[in-house]
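Here is my note on the model you sent, written as numbered points so that you can follow each one on the structure. Please keep the sequence beside you as you read.

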Amino acid sequence: GLLTRAQVAAELEYSERTIIRLEHEGMPVIRIGTLRLYIPATVRAWIMAHEHRREAPKRGRQRNAA
């Protein structure tokens with residue numbers, strides 16, 4: 001069935017703020033007035049298709065090579 005934003009966030013172990021950000025990036029959502037509903041399988045497929053592989057952040061002070 002359809003899930004609310006809170007439910008899809010809990011299922012994916014994301015914050016609701018992350019779900020909102022993903023909506024702005026184009027994640028599929030069904031809008032009925034102010035209600036936002038999600039199809040879990042569609043959301044998972046979208047996330048997998050848009051997954052970004054980021055480099056691990058570098059720690060400490062960066063030094064310029066001379």
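1. Strands of a sheet pair through backbone hydrogen bonds, either parallel or antiparallel. Here two strands count as paired if DSSP finds at least two bridges between them, while helices (H or I, at least four residues) and strands (E, at least two) are DSSP runs that are numbered from the N terminus.

2. Residues are numbered from 1 along each chain as its sequence is written, and side-chain values use heavy atoms, with hydrogens and water left out. Since this is a predicted model, local features need a pLDDT of at least 70 and side-chain atom pairs count only at pLDDT 80 or more, whereas totals for chains, interfaces and linings use all residues.

3. On confidence, pLDDT is the predictor's confidence in each residue, from 0 to 100. The chain averages a pLDDT of 87, and 79% of the residues score at least 70. Among the elements of the chain, β1 has the highest mean pLDDT (97) and α3 the lowest (94).

4. The pairings can be followed bridge by bridge. β2 and β3 (residues 35-38) are joined in the antiparallel sense over three bridges, and two bridges join β1 to β3, which also run antiparallel. Leu37 of β3 is the bridge partner of Ile30, and Leu37 is likewise the bridge partner of Thr4. Arg31, for its part, stands opposite Arg36 in β3. The hairpin of β2 and β3 has two residues between the strands, and in this hairpin Gly33 takes a positive phi near 65°.

5. As for the overall arrangement, the secondary structure comes to three helices and three strands, and from the N terminus on the elements run β-α-α-β-β-α. Of the 66 residues in the chain, 21% are buried, where buried means under 20% relative accessible area, exposed over 50%, and partly exposed in between (1.4 Å probe, protein chains only).

6. Which residues make up the largest nonpolar core? There are eleven in all: Leu3, Val8, Ala9, Leu12, Ile19, Leu22, Met27, Tyr38, Val43, Trp46 and Ile47. The helices α1 (5-12), α2 (16-24) and α3 (40-49) each supply at least two residues of this core. A nonpolar core is a set of buried Ala, Val, Leu, Ile, Met, Phe, Trp, Tyr and Cys residues joined through side-chain atoms within 4.5 Å.

7. Helix α1 has Val8, Ala9 and Leu12 as its buried residues. Seen down the axis of α1, these fall within an arc of 100°, so they line one face of the helix; the arc is that of the directions from the helix axis to the C-beta atoms. The buried residues of α1 pack against β1, α2, β3 and α3. After α1 comes Glu13, whose phi is positive, near 60°.

8. Leu22 is buried, with a relative accessible area of 8%. Leaving aside its neighbours within four places in sequence, Leu22 is in contact (heavy atoms within 4.5 Å) with Tyr14, Met27, Trp46 and Ile47. The C-alpha atoms of Leu22 and Ile47 are separated by 8.6 Å, although the two residues lie 25 residues apart along the chain.

9. The other residue is Glu23, also placed in helix α2. Is Glu23 buried or exposed? Glu23 is buried, with a relative accessible area of 9%. Beyond its neighbours within four places in sequence, Glu23 is in contact with Arg5, Val29, Arg36 and Tyr38.
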